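Trainee: I'm new to this one. Could we walk through it together?

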Amino acid sequence: MSTEVIVRGDDLPVLGPLTVVQASGSDLPHALVWGLDLGNERSRHAAQKRLRRVGQEVGDYSAAQPGLRHLFVVYSHGGSLPEGSCLGAAAQAATRLHAEFERSRGREIDVITVDVTGWENGELFRDRILEAVDGRHNSPGDAALGWHDILDSSIHAAAMNQFY
């Protein structure tokens, strides 16, 4: 399972345990976990704007990954903003990236954003990501989640709950 995930982007503490089990540089991953540190953004607007621009950051790198089926954009604003203040922008980014990947690649790639601000359990987060990558279920497509959403349920279940 560890050869299916690769971690790139900004270094977030919660991604540490996942970084340890990531694929080697020579493996073709099925999932890309992109860290995004919004803690240095000066305002809520600036953080949301950077989150919406994440497609530019991820685009070139993900284009070189032909086996990609899952993209997780994991972000933290370091507590400088109220909890959930970026979920709307994260949802927009996930929807836009999902549609862009489907258009450019001719197949669906799940795009899930997760706000991990304040979450310190990197081992549980690693398990949730690996479970989502290894899962045998229908695609959630795109979703924006907070860490509270996946504390007691899988990423897939939390994403599907948004549709009901």
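Trainee: Leaving aside its neighbours within four places in sequence, which residues is Leu15 in contact with?

Mentor: First, a bit of background: this is a predicted model, where local features need pLDDT of at least 70, side-chain atom pairs count only at pLDDT 80 or more, and totals for chains, interfaces and linings use all residues. Residues are numbered from 1 along each chain as its sequence is written, and side-chain values use heavy atoms, with hydrogens and water left out. Contact means heavy atoms within 4.5 Å. With sequence neighbours within four places set aside, the partners of Leu15 are Val7, Asp10, Val33, Gly35, Val74 and Phe125.

Trainee: How many residues does the largest nonpolar core have?

Mentor: A nonpolar core is a set of buried Ala, Val, Leu, Ile, Met, Phe, Trp, Tyr and Cys residues joined through side-chain atoms within 4.5 Å. Buried means under 20% relative accessible area, with exposed over 50% and partly exposed in between (1.4 Å probe, protein chains only). Leu15, Val33, Phe72 and Phe125 have the most contacts inside the largest core, and its residue count is 27.

Trainee: And which element gives the largest share of this core?

Mentor: Elements are DSSP runs numbered from the N terminus: helices are H or I with at least four residues, strands E with at least two. Those giving two or more residues to this core include β2 (31-37), β3 (70-76) and α5 (122-134). The largest share is 6 residues, and it comes from α5.

Trainee: Is His98 buried or exposed?

Mentor: You'll find His98 in helix α4 (residues 87-105). Not counting residues up to four places away in sequence, His98 touches Glu108, Ile109, Asp110, Val111, Gly141 and Asp142. Its relative accessible area is 9%, so His98 is buried.

Trainee: At what angle do helix α2 and α4 pack?

Mentor: Axes are lines fitted to C-alpha atoms, for helices over the stretch in contact, and angles run from 0 to 180 degrees between N-to-C directions. Angles under 35 degrees count as roughly parallel, over 145 as roughly antiparallel, 65 to 115 as roughly perpendicular and the rest as oblique. α2 and α4 are therefore roughly parallel to each other. The axes of α2 (residues 44-52) and α4 are 8 Å apart, and the angle is about 15°.

Trainee: Which residues in α4 do the α3 residues meet?

Mentor: The axes of α3 (residues 54-63) and α4 come within 11 Å and cross at roughly 30°. On the α3 side there are Val54, Gly55, Val58, Ser62 and Ala63, and in α4 they meet Ala93, Leu97, Phe101 and Arg105.
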